[in-house]
Amino acid sequence: MRNNEIEGEPIGGSTETFISHKKDVAETTRDRYRYRLGIFVSFCERRGVWSTDEIDGDLLADYRAARLDDNKTSIKTNEANLTTVRMWIKWLERRGKVQQGTANLVKIPDLDASDERRDVFITHERAKQILDGLNKYEYASLDHVVFGILYHTGMRRSAILALDTDDWVSDSNVLKIRNRDGTTLKLGQKSERNVTITDSNIANAIDDWISEKRPDVIGDLGRRPLIATAHGRAHATTIQKAIYRVTCPDYFAVGECDDTHDRPSACKYSISPHDVRRSAITHHLREGVPKEVVSDRMSVDQSTIEKHYDRRTMDQRRENRKKYLNNLS
């Protein structure tokens, strides 16, 4: 219900203004704020709520319930989402755009150690189906290159966004991941490495993307981004949307997906770029690749692999160890 004592403003525009004022945080953090608040804006629009002076406890309670009912997201993800919404509403309170005390109505879910793990990933068989479909129907497209690189190498979204065309060494099928001004890696120089693309279909797709399909654009810093759109270096949301698209079964066959949704990001089968990273790490481990090799290739320490990424069953771990024990006397 509209509060006549408050001079509201459009919700969507307000979130963008809030983000633009966050000069003291990294661009990647602003991207996360934009993504999280975008979910809330979409929820409000579906409810017919357009102005900040219409935000009340009932709306926020319904939003929290909708987030917690979404079985595709973890408690930790929902905690981050709702914390960002509350931060924005506190900012609105200071400007007199919502009723004082509204931010306190955003209830943050409890988080314990077990909630830090999330089990969303795709099997290698499903990943191969996606790659085969991309190779056949969307060869050397942005979606093909993005999914191919992310699943094959398990790199972070920040890493693929940091790549330039010169970072692809075609003769040896190597991607050079470097930390540079404007495209920093999560762990800085510690994340720098060279990774080999051993899948010839993906390597060929990168070659043909660069030579035939990549928009001929220069980034803000005078570099030629590998993952580019007509506007320059791709945005983090470009990667997010690409992964949502290709992991929804509707991408290749309309009607194949049994979920009702109006966009790929709402499909219960679609996953995020970080879930692709988890899937890649899980596949490497199940194939018996030693953790120290996975650690170096994917820029993740072994304790983190144990805690967040290793989804092998006890039998799968036993079989992997067996490969190294058969020759012992």
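The structure is a predicted model, in which local features need pLDDT of at least 70 and side-chain atom pairs count only at pLDDT 80 or more, whereas totals for chains, interfaces and linings use all residues. Residues are numbered from 1 along each chain as its sequence is written, and side-chain values use heavy atoms, with hydrogens and water left out.

The protein chain contains 13 helices and five strands; helices (H or I, at least four residues) and strands (E, at least two) are DSSP runs, numbered from the N terminus. Of the 329 residues in the chain, 46% are buried, where buried means under 20% relative accessible area, exposed over 50% and partly exposed in between, with a 1.4 Å probe and protein chains only. The accessible surface is about 17200 Å², and carbon and sulfur atoms hold 47% of this area; accessible areas come from the Shrake-Rupley method with a 1.4 Å probe, and for residues only the protein chains shown count as cover. Among contacts (heavy atoms within 4.5 Å) with a separation of 6 or more, 61% are between residues 24 or more positions apart.

Strands E1, E2 and E3 form an open sheet in the order E1-E2-E3, with antiparallel pairing. Two strands pair if DSSP finds at least two bridges between them. The edges are strand E1 (168-169) and strand E3 (193-196), each of which pairs on one side only. Four bridges join strand E2 (residues 174-177) to E3 in the antiparallel sense, and Leu175 has Val195 in E3 as its bridge partner.

A search of the whole structure gives six aromatic pairs. Rings of Phe, Tyr and Trp (its six-membered ring) pair if their centres lie within 6.5 Å; planes under 30 degrees apart count as stacked, over 60 as edge-to-face and the rest as tilted. The pair of Phe18 and Tyr33 is tilted, because the ring centres are 6.2 Å apart and the planes are at 40°. Phe18 belongs to helix H1 (residues 11-20) and Tyr33 to helix H2 (residues 27-46), so this pair ties together parts that are 15 residues apart in sequence. Phe18 is buried at 1% relative accessibility, and Tyr33 is buried with a relative accessible area of 11%. For Phe40 and Trp88, the centres are 5.7 Å apart and the planes are at 65°, so the pair is edge-to-face. This pair links distant parts of the chain, with Phe40 in helix H2 and Trp88 in helix H4 (residues 75-94), 48 residues apart. Phe40 and Trp88 are both buried. One aromatic cluster is formed by Phe40, Phe43, Tyr63 and Trp88. At Trp91, the charged end of Arg95 sits over the ring, 4.2 Å from its centre; the criterion is NZ of Lys or CZ of Arg within 6 Å of the ring centre and within 35 degrees of the ring normal.

Arg223 is located in the loop between helix H8 (200-213) and strand E4 (228-229). Arg223 counts as buried because its relative accessible area is 16%. A polar atom of the Arg223 side chain is 3.5 Å from the backbone oxygen of Ala162. Leaving aside residues up to four places away in sequence, Arg223 touches Ala162, Asp164, Arg180, Asp181, Thr183, Ile218 and Arg233. Asp132, in helix H5 (residues 124-137), is partly exposed at 46% relative accessibility.

Key
A polar contact is a pair of N or O atoms within 3.5 Å; within protein, one must be able to donate a hydrogen and the other to accept it, and residues adjacent in sequence count only if both atoms are side-chain atoms.
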